[in-house]
Amino acid sequence: MDFELSEDQRAFADTARAFAQTELAPHAAHWDAEAVFPREAIAKAGELGFCGLYAPENAGGLALPRLDATLVFEELAAVDPSTTAFITIHNMATWMLGTWASDAVRDEWGPLLASGQKLASYCLTEPGAGSDAASLKTRAELVGHDYIINGSKAFISGAGATDMLVLMARTGDAQSGASGISAFAVPAHLEGISYGKKEEKMGWNSQPTRVISFDNVRIPANHLLGREGEGFKIAMKGLDGGRINIATCSVGAAQGALTQAQSYMQERKQFGKPIASFQALQFKLADMATELVAARQMVRLAASKLDAGARDASTYCAMAKRFATDTGFNVCNDALQLHGGYGYIREYPLERLMRDARVHQILEGTNEIMRVIIARRMLDGDAPEAIR
């Protein structure tokens, strides 16, 4: 068991850190304050391969392990969790299309998405189907050589500003549950697709979030991903990686916050000496660092399990998502507290990092649902030995 990164992995991380400092750091506060979706910066990330990190090579991606992808996402998120989180969602959608699309769709869209020239949204959640994703109602009916799609999706990142929608829709009857769901690649600007108002959010302001409505939207049958009835399986496979991605964004946000707090403690003076000399604050910084390292290692363990195709990879992904997103938010909050009143104003990045990190405890499956997933596995007879 080797916890050290290889030279190639360090090179990926260094490249991502340099990109974050030059292309994200000068603009992140403006993008947040003005709700700007930075397509140009995301396209530049695509030029480095960051928009198709683990997409298959035949779709234009780098086909990297999920572990390597976490190194890139963490460095980007340390500066701008909101924009990075969209890049991770785009990576997930690009991987799904590249893995399950027909040759024609993959050849047309894969290289465009993997390069960041075109962007993708992931469409699973509905107004009445959040944690209970298997109850979704959006329908896709096969009529001749086309599917006709009707329904709506909610809380879709990038909606209205992206070019491709990876969509989960019901092809079975209303009682078919998870087995009646199929996945589709839907170009985002077809006739019959409409977008709701841009939601005003607590964080994640550099990416738009909207409802998407589908009114007799027609797509060719070859835009089906995989086979009919495989959509829920595809969605869950996507979410295993998505949970690692969002957990990594929390680790990155926390690292950015910890770095800010450590520097501030050396500079800020009270009662005639730096606040770094106060033992209570030293203990707080020590706890923040310890919990952050634990979260990072759990995320990397889960990514390694997923890369290896381990039987319990989904359980480890749920554990990592639950632990890292809770820890990430707490570290950001503690870093803000160490800054006192300055942490609460926008001149410092702490309040932005904390706002962006908060939603990570909700999306890609709430942390309560993560506990359900973990508990179900832990109640199996072999779990105490298998999960350790």
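This is a predicted model: local features need pLDDT of at least 70, side-chain atom pairs count only at pLDDT 80 or more; totals for chains, interfaces and linings use all residues.
**Exercise 1. Helix H5**

Solution. Residues are numbered from 1 along each chain as its sequence is written, and side-chain values use heavy atoms, with hydrogens and water left out.

Step 1. Helices (H or I, at least four residues) and strands (E, at least two) are DSSP runs, numbered from the N terminus.

Step 2. Buried means under 20% relative accessible area, exposed over 50%, and partly exposed in between (1.4 Å probe, protein chains only). Of the 20 residues of H5, 19 are buried, so the helix is largely enclosed by the rest of the structure.

**Exercise 2. Nonpolar cores**

Solution. Step 1. A nonpolar core is a set of buried Ala, Val, Leu, Ile, Met, Phe, Trp, Tyr and Cys residues joined through side-chain atoms within 4.5 Å. The largest one has 56 residues, and Leu 76, Met 96, Tyr 122 and Met 168 have the most contacts inside it.

Step 1. Another core of 38 residues lies apart from it, with Ile 244, Ala 261, Ala 295 and Ala 320 among its members.

**Exercise 3. The largest pocket**

Describe the lining of the largest pocket by element and by class.

Solution. Step 1. On a 1 Å grid over the protein atoms alone, a cavity is a set of points where a 1.4 Å probe fits but cannot get out; a pocket is an open set with protein on both sides within 12 Å along at least five of seven lines, and lining residues have an atom within 4 Å of a point. Grid points are joined across faces, edges and corners, and a volume is the space filled by probe spheres set on the points.

Step 1. The largest pocket has a volume of about 1200 Å³. Of its 45 lining residues, Thr 125, Leu 239, Leu 363, Glu 364 and Gly 365 lie nearest its centre.

Step 2. H5, strand S3 (146-157), H7, helix H10 (350-358) and helix H11 (367-378) each supply at least two lining residues. H7 gives the largest share, seven residues.

Step 3. Ala, Val, Leu, Ile, Met, Phe, Trp, Tyr, Cys and Pro count as nonpolar, Asp, Glu, Lys and Arg as charged, and the others, Gly among them, as polar. The lining has 23 nonpolar, nine polar and 13 charged residues.

**Exercise 4. Aromatic pairs**

Classify the pair Phe 19 and Phe 50.

Solution. Step 1. Rings of Phe, Tyr and Trp (its six-membered ring) pair if their centres lie within 6.5 Å; planes under 30 degrees apart count as stacked, over 60 as edge-to-face and the rest as tilted. The whole structure holds nine aromatic pairs.

Step 1. For Phe 19 and Phe 50, the values are 6.0 Å centre to centre and 90 degrees between the planes, hence edge-to-face. Both residues are buried.
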